[in-house]
Amino acid sequence: MLALVVSTAVADVELASDALWTLGVVAIEERIVANGVELWTSLGDEDDVVFTTAAERLARWVWRLEEVDESVADTWREHAQPVWIDDDLVICPAWVPFADRSGSTVMRIEPGATFGLGDHPTTVLSMRALRRVVRPGSTVLDVGCGSGVLSVGSCLLGAAWATAIDVALASVPVTRANAAANSVADRIEVSTTPLADIDAQFDIVVANILAPTLIALADDLIRVVAPAGCLIISGVLSDRHEHVETALLPLRRIARETLDGWAAITLAAE
């Protein structure tokens, strides 16, 4: 497993961390060293892509690539379990044995270096919201796709096409692999294209990202929703999301569901 290590002075930790977050990393570990701080993270396992990106975007800092023991980093995998979205829809970690239940839709997901095993409450809520609105032939835009769970799920539920975008470089190969593993590779396009550069409109736009980013992207999120379409947002707290809804006007809430302190909200034009 390939780790990206950025060395920085204590005073620059926040600035360096922000630079890494904009690259779409899933987590950052801070390690205190003799001459400052090391920030450990991952941009995936494609050496050439990681090297080029780090050279372009992290030029002001000293950085290096380190091979780490994947068996240690992946101990969480031993505890991964299938997550039931509904009685007949389940997301199963790709490496976990699972006896398919007759009549159930089983989505197998390998998150790799991305955020998106499918067990987080916001993902569960987003999948439930998608299930309510996806129709045969629907087009879907998945903003911040991670491992492609929602893109793959929407296609398994009947969508004709899903466009998946994420700032994280690792999301592209991981989403493609998960699409292929679930036999929907011919219906999913994935890239790191910024939302601002998406010029199409979609029947369903889903954005499972945190509130500050939803607000920052609000104008573009509204723009890419087709006139009779809807926007599903999650990554917002169940007791504090009115400011996000205000930023997304004139789209208005038509459905809301909560789980473990999180909410998913479906909005549409009046």
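Analyst: Helix α6 (residues 171-181) lies across β9 and β10, and runs at about 165 degrees to β10. Angles here run from 0 to 180 degrees between N-to-C directions, with axes fitted to C-alpha atoms, for helices over the stretch in contact. This is a predicted model, in which local features need pLDDT of at least 70 and side-chain atom pairs count only at pLDDT 80 or more, while totals for chains, interfaces and linings use all residues. Residues are numbered from 1 along each chain as its sequence is written, and side-chain values use heavy atoms, with hydrogens and water left out.

User: What makes α6 a helix, and which of its residues are buried?

Analyst: Helices are DSSP runs of H or I with at least four residues, strands are runs of E with at least two, and both are numbered from the N terminus. Buried means under 20% relative accessible area, exposed over 50%, and partly exposed in between (1.4 Å probe, protein chains only). In α6 the buried residues are Ser171, Val172, Val174, Thr175, Asn178 and Ala179. These buried residues pack against β7, α5, β9 and β10, where contact means heavy atoms within 4.5 Å.

User: Why is Cys92 called buried?

Analyst: Its relative accessibility is 0%, and the cut-off is under 20%, so Cys92 counts as buried.

User: How do you know that Cys92 is in no disulfide?

Analyst: A disulfide is a pair of cysteine sulfur atoms within 2.5 Å. The closest cysteine sulfur to that of Cys92 belongs to Cys155 and is 20 Å away, which is too far for a bond. Cys230 is in no disulfide either, since the nearest cysteine sulfur, again that of Cys155, is 15 Å away. A search of the whole structure finds zero disulfides.

User: Why are β10 and β13 said to stand at the edges of the sheet?

Analyst: Two strands pair if DSSP finds at least two bridges between them. Seven strands form an open sheet of mixed pairing, in the order β10-β9-β8-β11-β12-β14-β13. β10 (188-191) and β13 (252-259) each have a single partner strand, so one side of each is left without a neighbour in the sheet.

User: What makes β8 and β11 a pair?

Analyst: Strand β8 (residues 139-143) is joined to β11 by four bridges, and the definition asks for at least two, so the two strands pair. They run parallel, and the bridge partner of Asp142 in β11 is Val206.
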